Amino acid sequence: MRAEVLSSILRDLNGTSTEIEACAVISTDGLVIDSLLPAGMDEDRVGAMSAAILSLGERTARELARGELEQVLVKGVDGYILMTHANSESVLTVVAKPNARLGLIFLDVKRAAEAIGKVL
């Protein structure tokens with residue numbers, strides 16, 4: 001039941017915009033709980049990298065007195081990676097195209113993260 005709800009949330013998020021290429025719910029220790037990833041994108045690598053970046057972001061926010069971490073945004077030439085806490089033990093990671101309208105994606109990701117937090 002829980003897995004079906006998570007999959008539904010991820011499908012809905014992925015369907016909100018053609019600019020979203022992939023999304024995954026990952027535990028803070030790097031375990032992929034559920035995902036919608038394209039062929040060729042390694043689930044384990046996404047989980048491990050998300051956990052590492054999230055940990056570094058939390059430490060950076062704390063050390064530089066920026067308060068509790070809300071999001072991590074990575075911009076590359078070929079697009080964006082956005083990570084947002086769903087709850088204290090999980091994070092929602094989204095991969096978006098370089099032409100993504102970030103304002104809309106931030107809103108959709110925030111809503112999805114809140115829904116995931118309630119399920120987990």
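Glutamate 19 counts as buried, because its relative accessibility is 10%; buried here means under 20% relative accessible area, exposed over 50%, partly exposed in between, with a 1.4 Å probe and protein chains only. What you see is a predicted model, where local features need pLDDT of at least 70, side-chain atom pairs count only at pLDDT 80 or more, and totals for chains, interfaces and linings use all residues. Residues are numbered from 1 along each chain as its sequence is written, and side-chain values use heavy atoms, with hydrogens and water left out.

What does glutamate 19 pair with in a salt bridge? Its side chain meets that of arginine 101, at 3.2 Å, N to O. Glutamate 19 sits in the loop between helix H1 (2-16) and S1, and arginine 101 in the loop between S5 and helix H3 (102-119), so the pair ties together parts that are 82 residues apart in sequence. A search of the whole structure finds 1 salt bridge, defined as a side-chain nitrogen of Lys or Arg within 4 Å of a carboxyl oxygen of Asp or Glu. Helices (H or I, at least four residues) and strands (E, at least two) are DSSP runs, numbered from the N terminus.

Next, helix H2. Its 21 residues, 43-63, should span 30 Å at 1.5 Å a residue, and the end C-alpha atoms are 30 Å apart, which agrees; the expected span is 1.5 Å times one less than the number of residues. Buried in H2 are Val46, Gly47, Ser50, Ala51, Leu54, Gly57 and Ala61. Down the axis of H2 these buried residues fall within an arc of 135°, so they line one face of the helix; the arc is taken from the directions from the helix axis to the C-beta atoms. Turned away from that side are the exposed residues Asp44, Arg45, Met49, Leu56, Arg59 and Glu63. Just after H2, alanine 65 has a positive phi of about 55°.

Last, the cores. A nonpolar core is a set of buried Ala, Val, Leu, Ile, Met, Phe, Trp, Tyr and Cys residues joined through side-chain atoms within 4.5 Å. The largest has 19 residues, and Leu10, Leu13, Leu92, Val94, Ile105, Val109 and Ile116 have the most contacts inside it. H1, S1, S4, S5 and H3 each supply at least two residues of this core, and the largest share, 5 residues, comes from H3. Apart from this core lies another, of 10 residues, including Leu54 and Ala61.
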